[in-house]
Protein chains: 2
Amino acid sequence: MDIRQLEYFLAVVEHQGVNRAAQHLHVAQASLSQGIRQLERELKLSLFHRTGRNLVLNPAGQLLVEPARKVLGDLVAAQDIMRGARELQVGSVTIGTMPEMSSEAVAAWSASFTSLYSEIRIELLEFPGARELCDEVLAGHCELGFTTFPVPTENLERVELGDQRLLLVMPPGTATPDAPFELRRLEGVPLVVSNSAPRENDIVASMLRRESVIHWSGRRCRTGTRR
Amino acid sequence: MDIRQLEYFLAVVEHQGVNRAAQHLHVAQASLSQGIRQLERELKLSLFHRTGRNLVLNPAGQLLVEPARKVLGDLVAAQDIMRGARELQVGSVTIGTMPEMSSEAVAAWSASFTSLYSEIRIELLEFPGARELCDEVLAGHCELGFTTFPVPTENLERVELGDQRLLLVMPPGTATPDAPFELRRLEGVPLVVSNSAPRENDIVASMLRRESVIHWSGRRCRTGTRR
DNA sequence: GTCCCTTACGCTCCGCGTAACCATC
DNA sequence: GATGGTTACGCGGAGCGTAAGGGAC
């Protein structure tokens with residue numbers, strides 16, 4: 001039993017005859033007749049009464065009408081979904097993130113993407129580090145990932161989105177050197193940091209950690225999105 | 001988009017790879033690969049991430065999984081129904097009747113048929129006369145009809161089911177001739193007849209009518225099936 | 001090397017159309 | 001004759017398998 005055969009069958013039923021159905025399907029009458037015969041042969045079951053003039057459904061044929069409509073209906077539904085996906089109207093994008101990545105870039109990208117393709121769902125996956133993130137992108141579990149340079153693989157396409165500038169805000173009167181500020185000078189300094197990153201998804205914290213700077217968490221405040 | 005292509009697609013998804021899916025489908029690996037490529041070409045849409053090793057669904061592919069399952073599921077449902085019809089497990093038979101036909105033969109046939117094929121539904125259509133009944137059977141709207149001889153067409157297959165004997169019950173003391181009883185002798189005689197035949201679906205009434213016998217309906221009683 | 005997917009290439013068979021045939025009206 | 005369905009037959013293309021190619025590990 002085939003899609004084509006079911007289409008032929010329903011066309012004959014709906015147009016009450018091979019001739020009219022063939023005109024509607026733009027195939028030769030003989031081809032349609034053959035198709036129906038072939039279907040009946042495969043099913044080992046007659047579907048129509050042959051009464052000289054027109055073809056009339058017999059009980060077995062009547063049993064097939066609704067199931068056939070259902071199959072064809074589901075098929076066009078699937079085709080509609082695929083057309084939507086092709087025209088970027090529906091679907092989803094899975095993107096990977098990592099703790100050391102600032103969420104601002106991801107949020108900005110998501111916002112602009114959503115404004116363009118409002119029906120595309122964005123799935124977020126977070127990985128421990130750039131290595132794992134790139135592995136997952138390579139394995140095909142994410143379409144793309146946001147990470148920091150250097151990217152730990154050569155086989156991925158990379159787009160530089162920009163530099164992110166961080167501002168250190170200090171109390172009035174603090175000595176501000178002209179030379180680049182050394183993170184080491186924050187050793188032991190109480191800092192206002194985010195507490196909304198249970199998995200340390202905070203670029204400042206991870207940078208300080210990389211520099212082995214111990215800071216005293218003087219006061220925590222909420223930042224980022226509130227749930 | 002084709003049944004075969006959807007089967008191939010789901011097999012690759014479920015077995016996570018062309019190779020294993022091909023073994024399961026008993027086709028060559030290359031044929032399966034071709035089939036998937038062809039499907040993607042038709043849809044103008046990539047369905048898998050090609051990441052060197054295995055094939056992994058991409059978002060468009062994920063969108064197709066459930067619709068494809070639905071199409072194939074409905075298809076096997078249709079095939080099941082057809083198998084049932086072939087094995088006379090489900091389905092229906094439409095039979096035609098006519099007023100002058102005694103319902104006893106129909107009932108007896110229905111009972112024996114139902115005891116053999118309990119899942120086959122019997123549809124009853126009643127027509128004004130043998131002429132109309134035979135036309136409908138010829139047109140394919142009934143599979144068979146119960147009628148009385150002579151059948152008013154040569155193009156139908158006929159099976160004689162038997163003779164139906166009718167008994168005339170008379171008051172004690174009535175003269176009973178040895179010769180065949182003439183219906184004309186019932187002229188004006190009060191008869192107990194059925195009142196359950198609003199459309200005169202009564203073999204006695206129609207026989208008397210054919211003989212132009214006027215009888216006085218002395219008393220009516222219920223016969224046949226009570227609703 | 002192994003593993004897995006893809007491409008190339010012939011072959012077979014299915015389904016199409018043309019044309020002839022048959023039946024009914 | 002007109003209409004409508006079936007059968008006969010040759011052709012083209014779709015899909016298969018074999019074999020070779022290519023990338024990842």
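This is a predicted model: local features need pLDDT of at least 70, side-chain atom pairs count only at pLDDT 80 or more; totals for chains, interfaces and linings use all residues.

**Two chains in contact**

Trainee: What area is buried between chain B and chain A?

Mentor: The size of an interface is often given as the accessible area lost when the parts come together. Carbon and sulfur atoms give 71% of the area buried between chain B and chain A. The buried area itself is about 3,000 Å².

Trainee: Which residue of chain A meets B:Asp74 in a salt bridge?

Mentor: Across the interface of chain B and chain A, two salt bridges are found. In the one that involves B:Asp74, the distance from N to O is 3.5 Å. A salt bridge requires a side-chain nitrogen of Lys or Arg within 4 Å of a carboxyl oxygen of Asp or Glu, so this pair qualifies. The partner of B:Asp74 is A:Lys70.

Trainee: How many disulfides are found over all chains?

Mentor: A disulfide is a covalent bond between the sulfur atoms of two cysteines. A search of the whole structure looks for such pairs over all chains. The number of disulfides found is zero.

Trainee: Is A:Cys134 buried or exposed?

Mentor: The relative accessible area of A:Cys134 is 2%. Buried means under 20%, so the class follows directly. B:Cys134, at 2% relative accessibility, is also counted as buried. The class of A:Cys134 is buried.

**Within each chain**

Trainee: How many helices and strands has chain A?

Mentor: From the N terminus on, the elements of chain A run α-α-α-β-β-α-β-α-β-α-β-β-α-β. Counted by kind, the secondary structure of chain A comes to seven helices and seven strands.

Trainee: What share of the contacts in chain A between residues at least 6 apart in sequence join residues at least 24 apart?

Mentor: Chain A has 227 residues, of which 35% are buried. Among its contacts between residues at least 6 apart in sequence, the share that joins residues at least 24 apart is 61%.

Trainee: Which backbone nitrogen does the side chain of B:Glu40 reach?

Mentor: B:Glu40 is found in helix H3 (residues 29–43) of chain B. B:Glu40 counts as buried because its relative accessibility is 8%. Beyond its neighbours within four places in sequence, B:Glu40 is in contact with B:Leu45, B:Ser46, B:Leu47, B:Phe48 and B:Arg50. The backbone nitrogen reached by its side chain, at 2.8 Å, is that of B:Leu47.

Trainee: Is A:Lys44 buried or exposed?

Mentor: A:Lys44 lies in the loop between helix H3 (29–43) and strand S1 (48–50) of chain A. Its phi is near 50 degrees, a positive value in a residue other than glycine. Most residues other than glycine have a negative phi. With a relative accessible area of 62%, A:Lys44 is exposed.

Trainee: What is the separation of the C-alpha atoms of B:Phe181 and B:Leu168?

Mentor: B:Phe181 is in the loop between strand S5 (144–145) and strand S6 (190–194) of chain B, and is partly exposed at a relative accessible area of 29%. Not counting residues up to four places away in sequence, B:Phe181 touches B:Leu168, B:Met170 and B:Leu186. B:Phe181 and B:Leu168 are 13 residues apart along the chain, and their C-alpha atoms are separated by 9.3 Å.

How values were computed
Residues are numbered from 1 along each chain as its sequence is written. Chains are lettered from A and ligands numbered from 1 in the order in which they are written. Side-chain values use heavy atoms; hydrogens and water are left out. A disulfide is a pair of cysteine sulfur atoms within 2.5 Å. Buried means under 20% relative accessible area, exposed over 50%, partly exposed in between (1.4 Å probe, protein chains only). Buried area is the accessible area (1.4 Å probe) that two parts lose on being put together, summed over both. Helices (H or I, at least four residues) and strands (E, at least two) are DSSP runs, numbered from the N terminus. Contact means heavy atoms within 4.5 Å. A polar contact is a pair of N or O atoms within 3.5 Å; within protein, one must be able to donate a hydrogen and the other to accept it, and residues adjacent in sequence count only if both atoms are side-chain atoms.
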